[in-house]
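Biologist: I would like to learn how to read a protein model. Could we go through one together, feature by feature?

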Amino acid sequence: MDLEKATADEVARHLTGADVVVFAAGAGSGSLVGRKDSVDRGAAILLADAAESAGVGRYLLLSAMGADLRVVDDESLDPVFRTYLRAKLAAESAMRPRSALRATIVRPGLLDDTPGTGRVTLAERTGPGPISRADVAAVLLALLDEPRLTGRTVEVIGGATPIADAVAAHAAH
Ligand SMILES: NC(=O)c1ccc[n+]([C@@H]2O[C@H](COP(=O)([O-])OP(=O)(O)OC[C@H]3O[C@@H](n4cnc5c(N)ncnc54)[C@H](OP(=O)(O)O)[C@@H]3O)[C@@H](O)[C@H]2O)c1
């Protein structure tokens, strides 16, 4: 569906019976400030509204490393990139109070299309680094089975720890 045009009710009709939603859309690297707001913030919140009304009990939000106040206030950043990070931060902030969605927020480093390795570094703060889209997808899949990370925000970059172990270790503390 086009999440910049659909209503929450229209999206909700497609979610009936789903156990989880994953927000992985993005305005893309060539887009300007308007679409950072309409996709990276607006569509993530639209999906949350739709998931709540359809009774979906889990939401995985693919955010971005740097979507926190100490970074988005950095005036040396490119203005469009700052707008993107602010949109991601606004989406994160809108998700946290919605306890029925049992959200987990995932902030990956720079994405690339290299083959997945099945290994990552995952922590509250990892520091910057690249990660393949395939490994991010595998992390999202692992999080589906990890209720202990409900309500938590994790950063992830490429690394040396098998994904299931990285998720389980972080969930344990
Ligand atoms: N690229 C990075 O380095 C990076 C780093 C950290 C986090 N992220 C986040 O990770 C996620 C994936 O990033 P990406 O670079 O792989 O992809 P992306 O270019 O940000 O876009 C991913 C998808 O979003 C979809 N999309 C765009 N507008 C939409 C709309 N109005 N309705 C429904 N779907 C829409 C696109 O679908 P169509 O192909 O059908 O248009 C595309 O398949 C995004 O949330 C991004 O913000 C990216």
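Predicted model: local features only at pLDDT ≥ 70, side-chain atom pairs only at ≥ 80, totals over all residues.

Biologist: Where does Arg102 lie in the chain?

Modeller: Arg102 belongs to the loop that joins helix H4 (79-95) to strand E3 (103-108).

Biologist: What is there to note about phi of Arg102?

Modeller: Start with the general idea. Most residues other than glycine have a negative phi. Phi of Arg102 is positive, near 45°, although the residue is not glycine.

Biologist: Which residues of helix H1 are buried?

Modeller: In H1, residues 8-15, the buried ones are Val11, Ala12 and Leu15. Down the helix axis, these buried residues fall within an arc of 105°, so they line one face of H1.

Biologist: What does the buried side of H1 pack against, and what is on the face turned away?

Modeller: The buried residues of H1 pack against strand E1 (21-23) and helix H2 (33-54). On the face turned away from them are the exposed residues Asp9, Arg13 and His14.

Biologist: How many helices and strands does the protein chain have?

Modeller: There are six helices and eight strands. Read from the N terminus, their order is α-β-α-β-α-α-β-β-β-β-α-β-β-α.

Biologist: How does the radius of gyration of the protein chain compare with that of a compact globule?

Modeller: For 173 residues, a compact globule would have a value near 16 Å; the protein chain has 16 Å, so the two agree. The C-alpha trace spans about 40 × 40 × 30 Å along its principal axes. Of the 173 residues, 43% are buried.

Biologist: What share of the contacts joins residues 24 or more positions apart?

Modeller: Among contacts with a separation of 6 or more, such pairs account for 70%.

Biologist: How many positive and negative side chains are there, and how far apart are the centres of the two sets?

Modeller: The protein chain has 19 positive and 23 negative side chains, with the two centres 2 Å apart.

Conventions:
Residues numbered from 1 in each chain as written. Heavy atoms only, no water. Helix = DSSP H or I, 4+ residues; strand = E, 2+ residues; numbered from the N terminus. Rg over C-alpha atoms; globule rule 2.2 N^0.38 Å. Buried < 20%, exposed > 50% of the residue type's maximum accessible area, 1.4 Å probe, protein only. Contact = heavy atoms within 4.5 Å. Lys, Arg positive; Asp, Glu negative; His and termini not counted. Charge placed at Lys NZ, Arg CZ, Asp CG, Glu CD. Arc of directions from axis to C-beta.
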